[in-house]
Amino acid sequence: MKFKAFSLIALFIVPGLLIGCETLPENPEPRITTFEVEIDSDPSGAVIEINNDYAGKTPLKVEIEGWETTRTFVRDHKIVAHPVFNGGYLQQKYFSGWSKPDLSYGDKIPKKIYINMHLRPLPDKLDINIGKNK
């Protein structure tokens with residue numbers, strides 16, 4: 001009698017439990033999504049290029065691809081701002097990305113990028129003396 005009861009349990013309940021179980025992956029595959037980034041400049045109206053493609057004039061909002069869980073760049077990005085007034089200077093910003101799903105690399109995607117068009121370029125050679133005064 002005990003053997004029949006055990007057989008019935010094994011025959012109906014155990015398979016039912018196994019069918020209801022679902023195996024979840026330990027590490028779900030990282031996903032790429034787009035993030036909205038606002039680009040602004042002082043003065044406004046700077047012409048913006050992203051990776052050599054025209055994006056618009058500031059202020060503007062652009063969509064940039066990144067890893068969903070870490071908000072990091074998927075690939076390298078170069079943002080160039082062209083001045084629209086005399087005395088303004090070309091400005092460039094670089095962001096490193098990582099195309100592999102190892103999310104420990106790549107720069108964070110900012111929510112806003114500010115560009116100061118008044119910044120002058122650095123000279124080719126800097127003479128910096130950090131020794132003691134003589």
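The legends below describe close-up views of a predicted model.

View 1. The strands are arranged in the order 5-4-1-8, and their pairing is mixed. Strand 5 (72-73) and strand 8 stand at the edges with a single partner strand each, so one side of each has no neighbour in the sheet. Strands of a sheet pair through backbone hydrogen bonds, either parallel or antiparallel.

**View 2. The pairing of strand 1 with strand 4.** Strand 1 covers residues 32-42 and strand 4 covers residues 60-67. The two run antiparallel and are joined by 8 bridges. Within this pair, Ile 39 lies opposite Leu 60 of strand 4.

**View 3. The largest nonpolar core.** This core has 17 residues. Val 37, Ile 39, Ile 48, Val 62, Ile 113 and Ile 115 are those with the most contacts inside the core. At least two core residues come from each of strand 1, strand 2 (47-50), strand 4, strand 6 (77-82) and strand 8.

**View 4. The surroundings of Ile 48.** Leaving aside residues up to four places away in sequence, Ile 48 touches a set of residues including Ile 39, Leu 60, Ile 79, Val 80 and Ile 115. Asp 53, Tyr 54, Ala 55, Gly 56, Thr 58 and Ala 81 are also among the residues that Ile 48 touches.

**View 5. A nonpolar patch on the surface.** Leu 126, Ile 128 and Ile 130 form this patch and together have about 380 Å² of accessible area. Ile 128 lies in the segment after strand 8 (112-116). Ile 128 counts as exposed because its relative accessible area is 63%, and exposed means over 50%.

Conventions
Residues are numbered from 1 along each chain as its sequence is written. This is a predicted model: local features need pLDDT of at least 70, side-chain atom pairs count only at pLDDT 80 or more; totals for chains, interfaces and linings use all residues. Side-chain values use heavy atoms; hydrogens and water are left out. Patches are made of residues with over 30% relative accessible area and no salt bridge: like charges are joined within 9 Å, nonpolar side chains (Val, Leu, Ile, Met, Phe, Trp, Tyr) within 5 Å. Accessible areas come from the Shrake-Rupley method with a 1.4 Å probe; for residues, only the protein chains shown count as cover. A salt bridge is a side-chain nitrogen of Lys or Arg within 4 Å of a carboxyl oxygen of Asp or Glu. Helices (H or I, at least four residues) and strands (E, at least two) are DSSP runs, numbered from the N terminus. Buried means under 20% relative accessible area, exposed over 50%, partly exposed in between (1.4 Å probe, protein chains only). Two strands pair if DSSP finds at least two bridges between them. A nonpolar core is a set of buried Ala, Val, Leu, Ile, Met, Phe, Trp, Tyr and Cys residues joined through side-chain atoms within 4.5 Å. Contact means heavy atoms within 4.5 Å.
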